[in-house]
Amino acid sequence: MKIILDAMGGDNAPFETVKGAALAVDELDVQLILVGDREKINHITEENNLSLKNIEIVHTDKILAMEDDPISVIKSNKDSSMGVCFRMFADDKDDEIAAMVSAGNTGALVAGSTLIIKRISDIKRPALAMVLPFERKTLLIDVGANSDIKAEYLKQFGFMGSIYMKKIFGIESPTVGLANIGEEKTKGTAEHVEAYKLLSETKTINFIGNIEGRDIPIRCSDVLVTDGFTGNIILKLTEGFGIFMFNKLKSMLSRDIFTKISAALLKDSLRGFKKSFDPSEYGGTPFLGVRRPVIKAHGSSDAKAIKNAIRQAKFCAETKLVEEIEMQSRINK
């Protein structure tokens, strides 16, 4: 399987991206196309004794910065590493490239995915989805692609999220909840009230009602539907809360000899707790609703996160996730 990777996108590129690519090829049985500065990529591989086996390099020394206008990926920055990835992926008429991964500018990734790769015809708005690290794995959708929302979009997020949880996690009938300020169906904005009605009436969605913020960590649904603005706040708050709690526990368990002994006994549990809140464990966010698999890796991704984003891309391609969403979108039209 061949996957195209934006080698220059992200805060730690190209060093961590190239390291992550080498790990992915070694562990995941994939071939990669690295798009970026050939000289820098070669220097990193030589300095760190990394193999370029099953890795093809496509050169460009232009980079799309995080602060650049997102739409520039199809105009003034079309020759950037992300822009070249999009063009190569879109021009791949024989489907030799299975998926695309980038840790770069989120807005540009959304713009390029929507305008170059293009959305599935019956999908009104594609959405970014991310698994929240609670005891019950919950797919939060949308986490940043759509700030302005309509009830129809939220309904479509529900069935796209359901397909993802069924395909990737094997959940036969994923429950779907709507993030809201109360459990009653009359709560929220007019769009929330209408979305509640649409989700309830859609037979292919196992809708269980509104989910309040306090219930997200403890008794949430398999899929949690919301707009991208709210979803991004929930996601970033979750990541920050995990760091806060781990640091708090670390401080409590290092006060004296007795707490240090307790910490030693709890070492494996603490490591597991920290790991559960580590974004690099999930690697990337799938952009659901476009015609080809596109994965957004975290902007601060290290090599491990890049490798796991490539794993996510491979899963999406292998499970025919896009094809299933396209088919179901016609049914739920």
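Colleague: Thanks! In which hand does α5 pass α6 in a crossing?

Modeller: Before we start, please keep in mind that this is a predicted model. Helix α5 covers residues 151-169, and helix α6 covers residues 190-201. Where α5 passes α6, the crossing is right-handed.

Colleague: How many nonpolar, polar and charged residues are in the contact of α5 with α6?

Modeller: On the α5 side we find Ala151, Glu152, Leu154, Lys155 and Gly158. They meet Glu191, Glu194, Ala195, Leu198 and Leu199 of α6. Sorted by class, the contact of α5 with α6 has 5 nonpolar, 1 polar and 4 charged residues.

Colleague: Now to α3 and α4: are they roughly parallel or oblique?

Modeller: Helix α3 spans residues 81-90 and helix α4 spans residues 106-118. Because angles under 35 degrees count as roughly parallel, α3 and α4 are roughly parallel.

Colleague: How many charged residues does the contact of α3 with α4 have?

Modeller: The crossing of α3 and α4 is right-handed. From α3, the contact uses Met82, Phe86, Phe89 and Ala90, while α4 brings Ala108, Leu109, Gly112, Ser113, Ile116 and Ile117. By class there are 8 nonpolar residues and 2 polar ones, and the number of charged residues is none.

Colleague: How many residues of α3 are buried?

Modeller: The buried residues are Ser81, Met82, Gly83, Val84, Cys85, Phe86 and Phe89. They pack against the strands β1, β2, β3, β4 and β11 and also against helix α4. α3 is mostly covered, and the buried count among its 10 residues is 7.

Colleague: Let's look at aromatic rings. Is the pair of Tyr164 and Phe169 stacked or tilted?

Modeller: A pair of aromatic rings is described by the distance of the centres and the angle of the planes. The model has 3 aromatic pairs. In the pair of Tyr164 and Phe169, the centres are 6.5 Å apart and the planes are at 55°, so the pair is tilted.

Colleague: How many residues apart are Tyr196 and Phe207?

Modeller: These two form an edge-to-face pair, 5.0 Å centre to centre and with 85° between the planes. Both are buried, Tyr196 at 18% and Phe207 at 15%. Tyr196 belongs to helix α6 and Phe207 to strand β8, and the pair links distant parts of the chain, with a separation of 11 residues.

Colleague: What is the distance in space between Val290 and Ile123?

Modeller: Val290 lies in the loop between β10 and β11 and is buried at 1% relative accessibility. Leaving aside neighbours within four places in sequence, Val290 is in contact with several residues, including Ser113, Lys118 and Val322. Val290 and Ile123 are 167 residues apart in sequence, but C-alpha to C-alpha their distance is 8.2 Å.

Colleague: Which peptide bond in the loop with Pro14 is cis?

Modeller: Most residues other than glycine have a negative phi, and most peptide bonds are trans. Pro14 sits in the loop between β1 and α1. With omega near 0°, the cis bond runs from Ala13 to Pro14.

Colleague: One more: is Asp29 buried or exposed?

Modeller: Asp29 is found in the loop between α1 and β2. Its phi is near 55°, a positive value in a residue other than glycine. Exposed means over 50% relative accessible area, so at 64% Asp29 counts as exposed.

Technical notes: Residues are numbered from 1 along each chain as its sequence is written. This is a predicted model: local features need pLDDT of at least 70, side-chain atom pairs count only at pLDDT 80 or more; totals for chains, interfaces and linings use all residues. Side-chain values use heavy atoms; hydrogens and water are left out. Rings of Phe, Tyr and Trp (its six-membered ring) pair if their centres lie within 6.5 Å; planes under 30 degrees apart count as stacked, over 60 as edge-to-face and the rest as tilted. Helices (H or I, at least four residues) and strands (E, at least two) are DSSP runs, numbered from the N terminus. Buried means under 20% relative accessible area, exposed over 50%, partly exposed in between (1.4 Å probe, protein chains only). Axes are lines fitted to C-alpha atoms, for helices over the stretch in contact, and angles run from 0 to 180 degrees between N-to-C directions. A crossing is left-handed if the near helix is turned anticlockwise from the far one by less than a right angle, and right-handed if clockwise. Contact means heavy atoms within 4.5 Å. Ala, Val, Leu, Ile, Met, Phe, Trp, Tyr, Cys and Pro count as nonpolar, Asp, Glu, Lys and Arg as charged, and the others, Gly among them, as polar. Angles under 35 degrees count as roughly parallel, over 145 as roughly antiparallel, 65 to 115 as roughly perpendicular and the rest as oblique.
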